[in-house]
Amino acid sequence: MNTSAAVEMRNIHKRFGSVLANNDVSLDINRGEILALLGENGSGKTTLMNMLAGIYFPDSGTIRVNGEPVVIASPKEAFELGIGMIHQHFKLVDVLSAAENIVLGLEGKLDLKSATKKIREICDAYGFDVNPSQKIYDMSVSQKQTVEIVKVLYRGADILILDEPTAVLTPQETDKLFAVLRNMRDDGKAIVIITHKLNEVQALSDKVAVLRGGRYIGTLITKDTNAQEMTDMMVGRAVSLNIDRPDPVDPQLRLEIRDLTVRNEEGLLKLDHVSFDANSGEILGIAGISGAGQKELLEAIYGLQGTEEGTVIFHDPETNKAIDLKYKTPMQIRQLGVSLSFVPEDRLGMGLVGSMDITDNMMLRSYRSGPHGFLNRKAPKSMARWIIRELEVATPGTSIPVRRLSGGNVQKVLVGREIAQTPKVLMMAYPVRGLDINSSYTIYQLMNLQKEKGVAVIFVGEDLDVLMELCDRILVLCGGKVSGIVDGRKADKQQIGLMMTRVGGEQDGE
Ligand SMILES: Nc1ncnc2c1ncn2[C@@H]1O[C@H](COP(=O)(O)OP(=O)(O)OP(=O)(O)O)[C@@H](O)[C@H]1O
Ligand SMILES: [Mg+2]
């Protein structure tokens, strides 16, 4: 493939108050190439790309597109240069159809019929699956993302930037997206993908550019590098990519789940007689394809979800009592020491308020549990400080609004808040979604610390390799049923994969 520079960025600086988000960055983006942009949370990846998309304007430095110096003052001007960006948070109008969203804001008379025809052509050319008349609110995350991509292609983009597009996709959806991106690359488009998943960098990209602390560190040829080299370059020192798994010490029964059965509003069975135990000093992993009942399970334990049948018994180490959580409110359950952090697809969606600062977000969780009632800002403030220190949250202080933090740093606040509550049962769903490798390992290490303190940790994860390295036992969900519970030390990836798609994991014909 003949490659030529589509974009040349030179000596770009961008400052936000006291934060130098991009510090003298120079980067080339070539046609016919997929470039992965790699860097820790807060290293300046989104900022840099936002300057190509016309969202931010550089303080200094130059940008050339197709060899010509350009000024990109708005998203519209970016589109006119053929640059389209798919953002970390989607920007679609829910009540409009796919086609309406795609043509939204375009000048000239709105002709939905010819728009629909053009959308179909784009879909056929690259292998997308979009129904132009479907409303956005009826779509899955991956369908919404497809609409975003078709939208930028519709506007003629041939330089495509995707900011963490797979953070919210299933492995199957990711494969599909990658196939489409390869088609586009072979078609001569220039593609930049921001991702924290090194296996994706390796599977998809031709080159990988690394940012660290706002600076450009260098570009590697993907096939000539490896996970260790990329990580070391990203972090700036040698990083161990091994996950510890200490042996459980004196495991005691904490949660006893029997025949838990849940139906959704439409009457569909979401959990079907789920039974298992969770013990102190142990990490129990929950594996399953997306929508296999993970969310319903955690919410049922936490009192957020009505149940049809079954019991959830909490064995309280303080009182030695067995308590049926079914008759408790989420607030009471939390006060007993059972905590839940669920990192949703939209990280600001659940549990954090973007306009509030870190301290106030701590108070959202703890304001009722203090012995002297609420509005004591001291405890939340020290909790906020603890999280910033322990999880290395990149922020100028505790009083910055959460929405101004980079994506990954928002998440550290969300996860840290649960750990800081010293729970007895800690349930975590997707805690490393969108986190860089180093922060992910910090979270795994924190889970191990909780385990060693005698907490019963329940960890719903997406990455099977990590589940197999970290967990003592792995419960596999399939279509709302327990497909099996395996020993993490002896688990076989193939076998778990099969169990995720078939209850029990048996081969056909057995
Ligand atoms: N609008 C803004 N106002 C103030 N600070 C900002 C703003 N946008 C970004 N920053 C800061 O600039 C730095 C770089 O942020 P950026 O979002 O570019 O990081 P990132 O590499 O995309 O991180 P992540 O992997 O977590 O998404 C961070 O310290 C962030 O807090
Ligand atoms: Mg980002």
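Guide: Two strands pair if DSSP finds at least two bridges between them. Keep in mind that this is a predicted model.

Visitor: In which sense do strand β3 and β9 pair, and over how many bridges?

Guide: Strand β3, residues 33-38, runs parallel to β9 in this pairing, with 4 bridges. One position to look at is Leu37, which stands opposite Ala209 in β9.

Visitor: In which sense does β9 pair with strand β10?

Guide: That pairing is antiparallel and has 6 bridges, with β10 covering residues 215-221. Ala209 has a bridge partner here too: Thr219 in β10.

Visitor: How many residues lie between β9 and β10 in their hairpin?

Guide: There are 2 residues between the two strands, and Gly213 in the turn has a positive phi of about 55°.

Visitor: What describes two packed helices?

Guide: The angle between their axes and the distance between the axes. Here, helix α13 (residues 407-419) and helix α14 (residues 437-452) have axes that come within 12 Å and cross at roughly 5°. Angles under 35 degrees count as roughly parallel, and therefore α13 is roughly parallel to α14.

Visitor: Which residues in α13 and α14 meet?

Guide: From α13 come Gly408, Lys412, Val415 and Ile419; from α14 come Ser439, Ile443, Leu446 and Gln450. By type, the residues of this contact divide into 4 nonpolar, 3 polar and 1 charged.

Technical notes: Residues are numbered from 1 along each chain as its sequence is written. Chains are lettered from A and ligands numbered from 1 in the order in which they are written. This is a predicted model: local features need pLDDT of at least 70, side-chain atom pairs count only at pLDDT 80 or more; totals for chains, interfaces and linings use all residues. Axes are lines fitted to C-alpha atoms, for helices over the stretch in contact, and angles run from 0 to 180 degrees between N-to-C directions. Angles under 35 degrees count as roughly parallel, over 145 as roughly antiparallel, 65 to 115 as roughly perpendicular and the rest as oblique. Two residues are in contact if their C-beta atoms, placed from the backbone, lie within 7 Å. Ala, Val, Leu, Ile, Met, Phe, Trp, Tyr, Cys and Pro count as nonpolar, Asp, Glu, Lys and Arg as charged, and the others, Gly among them, as polar.
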